[in-house]
Amino acid sequence: MKPDIHPEYTDAVFTCAGCGQIYNTKSTKGDMSLAVCSACHPFFTGKHKLLDTAGRVERFRRKYASAAEKEAQGATAGQDNKKPTKKSGKEAV
C-alpha cells in the first residue's frame, strides 16, 4: 500500500437537527449535522401521514373497493363476468 495517499479516518460525531440525537462513528469528513435520523423520521416512527391531494386517495380506494365488491358478487351469484366478443368489422355484402 502506498504511504500518504489515504484520507484520515477519525472519530466523528453526527448530530440530528430534528431531534438532537447524537451518533458517534468514524468518518473522513469529521463532525456533521443530519437533517433527520431514524429516531425522528416519520417512516421509522410510524407517524407519517398520507397526503391526500383533492381526495385522490379516497377516490382510488372507492374505485377499487367497488370493483372488488362487484367481482365478489359475481363470483357468489355464479355469473360469468366475461365480456361479449365484438363482431368483426367485415360483414358479408
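This is a predicted model: local features need pLDDT of at least 70, side-chain atom pairs count only at pLDDT 80 or more; totals for chains, interfaces and linings use all residues.
Three strands make up an open sheet, arranged in the order β2-β1-β3, and their pairing is mixed. The edges are formed by β2 and by β3 (32-34), each of which pairs on one side only. From one strand to the next, the twist averages 30°. Strands of a sheet pair through backbone hydrogen bonds, in either a parallel or an antiparallel sense. Between β1 and β2 the sense is antiparallel, and the pairing extends over six bridges. Within this pairing, aspartate 11 stands opposite lysine 26 in β2.

These two residues also interact through their side chains. Side chains of opposite charge can pair when their charged atoms come close. One salt bridge is found in a search of the whole structure. Aspartate 11 forms a salt bridge with lysine 26, and their closest N and O atoms are 3.2 Å apart. The pair links distant parts of the chain, with aspartate 11 in strand β1 and lysine 26 in strand β2 (residues 22-27), 15 residues apart. Aspartate 11 is exposed, having a relative accessible area of 58%, whereas lysine 26 counts as partly exposed at 41% relative accessibility.

The cysteines were examined for covalent links. A disulfide is a covalent bond between the sulfur atoms of two cysteines. A search of the whole structure finds zero disulfides. Cysteine 16 is in no disulfide, and the nearest cysteine sulfur, that of cysteine 40, lies 3.5 Å away. For cysteine 37, the closest cysteine sulfur is in cysteine 16, at 3.5 Å, which is too far for a bond because the two sulfur atoms would have to be within 2.5 Å. Cysteine 16 is buried, with a relative accessible area of 3%. Cysteine 37 is likewise buried, its relative accessible area being 7%.

A further feature concerns the backbone before the sheet. Most residues other than glycine have a negative phi. Aspartate 4, although not a glycine, has a positive phi of about 65°. Aspartate 4 is found in the segment before β1 (10-16). With a relative accessible area of 81%, aspartate 4 is exposed.

Methods: Residues are numbered from 1 along each chain as its sequence is written. Side-chain values use heavy atoms; hydrogens and water are left out. Helices (H or I, at least four residues) and strands (E, at least two) are DSSP runs, numbered from the N terminus. Buried means under 20% relative accessible area, exposed over 50%, partly exposed in between (1.4 Å probe, protein chains only). A salt bridge is a side-chain nitrogen of Lys or Arg within 4 Å of a carboxyl oxygen of Asp or Glu. Two strands pair if DSSP finds at least two bridges between them. Axes are lines fitted to C-alpha atoms, for helices over the stretch in contact, and angles run from 0 to 180 degrees between N-to-C directions.
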